Amino acid sequence: MSKPLDGKIAIVTGAAKGIGYAIADRLARDGAHLVIADLDGATLEQAAERLRIDHGGRVEIAIGDLSLEEVARMTVNTAVTQFGTVDILVNNAGGGIIRSFLEHTPDTLRTTIDRNLWTALWCCWLALPIMKRQGYGRIINLGADSVRNGLWDHAAYNAAKGGVHALTTGLAREFAQDGITINTVAPCAVNTEQLATIAEKFPALAAKFLSVIPMGRAAEMTEVASMVAYLATAEAAFVTGQVISVNGGSTML
Ligand SMILES: NC(=O)c1ccc[n+]([C@@H]2O[C@H](COP(=O)([O-])OP(=O)(O)OC[C@H]3O[C@@H](n4cnc5c(N)ncnc54)[C@H](O)[C@@H]3O)[C@@H](O)[C@H]2O)c1
């Protein structure tokens with residue numbers, strides 16, 4: 001039986017664990033061959049092996065800090081040399097350094113922007129010429145619903161993710177007639193190890209994060225991955241420039 005992403009080549013960044021792994025797992029299940037990229041080489045290798053065993057498709061890895069141009073270039077080149085192209089780019093690498101604004105240091109501020117914005121910028125910049133040449137591409141960025149509701153302790157993170165949201169609309173217009181769609185999936189709190197750690201160390205803060213979600217729970221990683229998987233299909237051809245929340249109703253419209 002055919003699958004929605006049969007034969008498609010996808011790069012998923014930050015896929016060693018967490019939401020990125022869940023996305024890689026879903027895209028592999030849907031038939032894509034993968035390049036998965038991450039800073040954490042050992043965990044990435046284990047993730048690749050698990051994906052090969054579970055889904056039988058080809059999975060290549062790219063290890064390094066994607067906020068550096070040369071690492072992003074190596075990642076995109078891995079897709080080109082191993083598979084001949086890039087059809088789908090999922091800019092998932094990122095993550096918050098969640099603290100009140102004045103508790104940030106110069107280092108944590110810079111890392112927040114590097115990790116969430118530069119990773120996506122470089123990968124878009126390097127993958128788009130390939131997508132434009134072939135007249136087809138799907139880019140899905142991971143943003144954050146906190147940009148919309150100004151969640152506690154998220155100002156610096158929102159500055160970075162707000163950049164990702166803005167990159168999405170600008171690129172979507174620029175490449176609208178090239179067969180390329182660019183969208184962002186913006187989750188609320190997601191049921192990850194980080195949320196579990198926050199809930200353990202700062203239960204009142206975790207409760208506040210959940211209090212803004214009408215459904216009264218965090219998103220499951222698979223619920224984020226399924227939205228990414230839809231946007232990655234050929235069928236999603238007329239959806240571009242959108243920031244689509246997966247948020248249990250915490251912001252509406
Ligand atoms: N977890 C949430 O509640 C939540 C909510 C909204 C948005 N998001 C976004 O979803 C994405 C995934 O989040 P997660 O919770 O799974 O995070 P995570 O920390 O569990 O995983 C992120 C992965 O990205 C990798 N990574 C980070 N910086 C990198 C870099 N510079 N180069 C290469 N790899 C890098 C990490 O090594 C890690 O494996 C992130 O962009 C995050 O900002 C998460």
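The largest pocket holds about 1300 Å³ of space. A pocket here is an open set of points on a 1 Å grid over the protein atoms alone, where a 1.4 Å probe fits, with protein on both sides within 12 Å along at least five of seven lines. Its volume is the space filled by probe spheres set on the points, which are joined across faces, edges and corners. The model is predicted: local features need pLDDT of at least 70, side-chain atom pairs count only at pLDDT 80 or more, and totals for chains, interfaces and linings use all residues. Residues are numbered from 1 along each chain as its sequence is written, and side-chain values use heavy atoms, with hydrogens and water left out.

- The largest pocket is lined by 49 residues, where lining means having an atom within 4 Å of a point.
- Closest to the centre of the largest pocket are Asn92, Gly94, Gly95, Gly96 and Gln194.
- Elements that give two or more residues to this lining include helix H1 (18-29), strand S2 (33-38) and helix H6 (155-174); helices (H or I, at least four residues) and strands (E, at least two) are DSSP runs, numbered from the N terminus.
- Helix H4 gives the most, with 6 residues.
- The lining has 20 nonpolar, 19 polar and 10 charged residues; Ala, Val, Leu, Ile, Met, Phe, Trp, Tyr, Cys and Pro count as nonpolar, Asp, Glu, Lys and Arg as charged, and the others, Gly among them, as polar.

**Ligand**

- There are 27 residues around the ligand, each with a heavy atom within 4 Å of it.
- Ile19, Asp38, Asn92, Tyr157 and Lys161 come nearest to the ligand.
- A polar backbone atom of Ile19 is 2.8 Å from an oxygen atom of the ligand, a polar contact being a pair of N or O atoms within 3.5 Å.
- Nitrogen atoms of the ligand lie 3.3 Å from a polar backbone atom of Leu39 and 2.9 Å from a backbone N or O atom of Leu66.
- On its own the ligand has 830 Å² of accessible area, and the protein covers 88% of that area (Shrake-Rupley method, 1.4 Å probe).

**Two residues in helices**

- Arg110, in helix H4, is exposed at 60% relative accessible area (exposed is over 50%, buried under 20%, partly exposed in between; 1.4 Å probe, protein chains only).
- Arg110 is 46 residues from Ala156 in sequence, and the C-alpha to C-alpha distance is 9.4 Å.
- His165, in helix H6, counts as buried because its relative accessibility is 9%.
- A polar side-chain atom of His165 lies 3.1 Å from the backbone nitrogen of Ala144.

Conventions
Polar contact = N/O pair within 3.5 Å; in protein donor to acceptor, adjacent residues only side chain to side chain.
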